[in-house]
Amino acid sequence: MISPPLYKQLRRIHLRGKRISDALMAGHFRSVFRGHGVEFEEVGVYDENDDVKHIEWNVTARMGRPFVKRYREEREQTVMLLVDTSASLGVGHVGHRKLETAAETAALLALCAQGNGDAVGAMLFSESVEMVLPAKKTQSAVWRIVREIVGVNRATGKTSLRTVLEEFGRMHKRRAIVFLISDFADTGYMDALRPVAGRHDLVAVMVHDPLDFDLPEAGIVHAVDPETHETVVWDCFDAASRRRFHTAAIADFEQRQAELRAAGVDIVECSTDASPVDALYRFFRLRERRLGR
């Protein structure tokens with residue numbers, strides 16, 4: 001039984017997903033995430049635009065004129081959503097926490113992939129893999145993924161990107177499009193990320209909240225890390241303290257981005273104070289332009 005608040009949220013995501021999938025995203029999805037292989041289609045008469053490497057010599061010898069093998073790009077793709085549900089995603093205001101932003105972004109990507117005719121699967125994780133939903137193409141399977149992701153209402157546990165990346169690497173050998181959706185509040189995962197990025201088309205969706213970078217002007221604040229429970233005291237009336245916090249947070253965020261880009265990973269930034277639709281639109285357009293499509 002779906003609760004009324006969850007039903008309302010699912011309906012909103014469905015309408016958003018259908019709109020952007022029909023009007024924009026599915027077309028961009030096809031353009032920037034093409035099939036990763038080719039399959040034989042036919043043998044045809046050679047013309048000047050054909051690659052001589054594809055000449056079919058047996059048929060050529062038999063027919064007395066050149067023939068070539070023609071191939072078409074594989075259209076079926078697998079899209080996997082690795083969605084972080086750890087405690088650090090509880091940051092933000094109710095209804096606009098990083099957890100909700102991550103869930104809505106994942107749901108929109110699932111619907112866009114389905115609109116492109118691709119199989120969609122998901123792995124929900126924190127310090128361990130909490131749920132695995134195998135990749136399928138049916139509408140009911142994709143909507144189950146959307147319901148499970150959007151239905152997560154508690155952010156708990158520590159973040160372990162290494163755990164989910166290693167588990168994904170063991171489970172999926174065939175090349176896939178992988179969206180790793182997290183606030184990346186973790187360290188020591190790059191050794192696990194690089195092999196996945198090398199085999200698959202890996203995109204990092206970095207979810208953040210304004211509070212990740214800027215302290216409120218609210219007196220003495222006891223900031224508690226939701227995952228380690230370590231407490232840090234900040235004098236938020238002190239402008240110098242706020243500047244130090246901002247500078248350190250931005251430097252850490254940019255360092256994570258630099259490491260991801262060095263591993264060949266594309267990045268989408270999603271903030272809790274903006275629509276994930278806009279973030280995905282910008283990403284698809286930029287990637288399409290970069291690939292010259």
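Colleague: What does the accessible surface of the protein come to, and what percentage of it belongs to carbon and sulfur atoms? Then please focus on Lys98 in helix H3.

Modeller: The accessible surface is about 15,300 Å², and 51% of that belongs to carbon and sulfur atoms. Areas come from the Shrake-Rupley method with a 1.4 Å probe, and for residues only the protein chains shown count as cover. This is a predicted model, where local features need pLDDT of at least 70, side-chain atom pairs count only at pLDDT 80 or more, and totals for chains, interfaces and linings use all residues. Residues are numbered from 1 along each chain as its sequence is written, and side-chain values use heavy atoms, with hydrogens and water left out.

Confidence comes next. Mean pLDDT (the predictor's confidence in each residue, from 0 to 100) is 83, and 81% of residues reach 70 or more. Helix H1 (residues 4–32) is lowest, with a mean of 60. Strand S8 (residues 177–182) is highest, at 97.

The fold has eight helices and twelve strands. These are DSSP runs numbered from the N terminus: helices are H or I with at least four residues, strands are E with at least two. Of the 293 residues, 45% are buried. Buried means under 20% relative accessible area, exposed over 50%, partly exposed in between (1.4 Å probe, protein chains only). Take contacts (heavy atoms within 4.5 Å) between residues at least 6 apart in sequence: 74% of them join residues at least 24 apart.

Now Lys98. There are ten salt bridges in total, each a side-chain nitrogen of Lys or Arg within 4 Å of a carboxyl oxygen of Asp or Glu. Side chains of opposite charge can pair when their charged atoms come close. Lys98 pairs with Asp183, the closest N and O atoms being 3.0 Å apart. This pair links distant parts of the chain, 85 residues apart: Lys98 lies in helix H3 (residues 98–115), Asp183 in the loop between S8 and helix H6 (190–199). Both ends are buried: Asp183 has a relative accessible area of 7%, Lys98 one of 3%.

Lys98 also bridges to Asp212, with the closest N and O atoms 3.3 Å apart. Here the partners are 114 residues apart, and Asp212 sits in the loop between strand S9 (201–208) and strand S10 (220–224). Asp212 is partly exposed, at 23%.

Arg287 and Asp201 meet at 2.6 Å, N to O. Arg287 is in helix H8 (residues 276–291) and Asp201 in S9, 86 residues apart. Arg287 is buried at 8%, and Asp201 is buried at 12%. Shared partners join Lys98, Asp183 and Asp212 into one network.

Last, the cysteines. Cys112 is buried at 0%, and Cys270 is buried at 1%. The whole structure has zero disulfides, meaning cysteine sulfur pairs within 2.5 Å.
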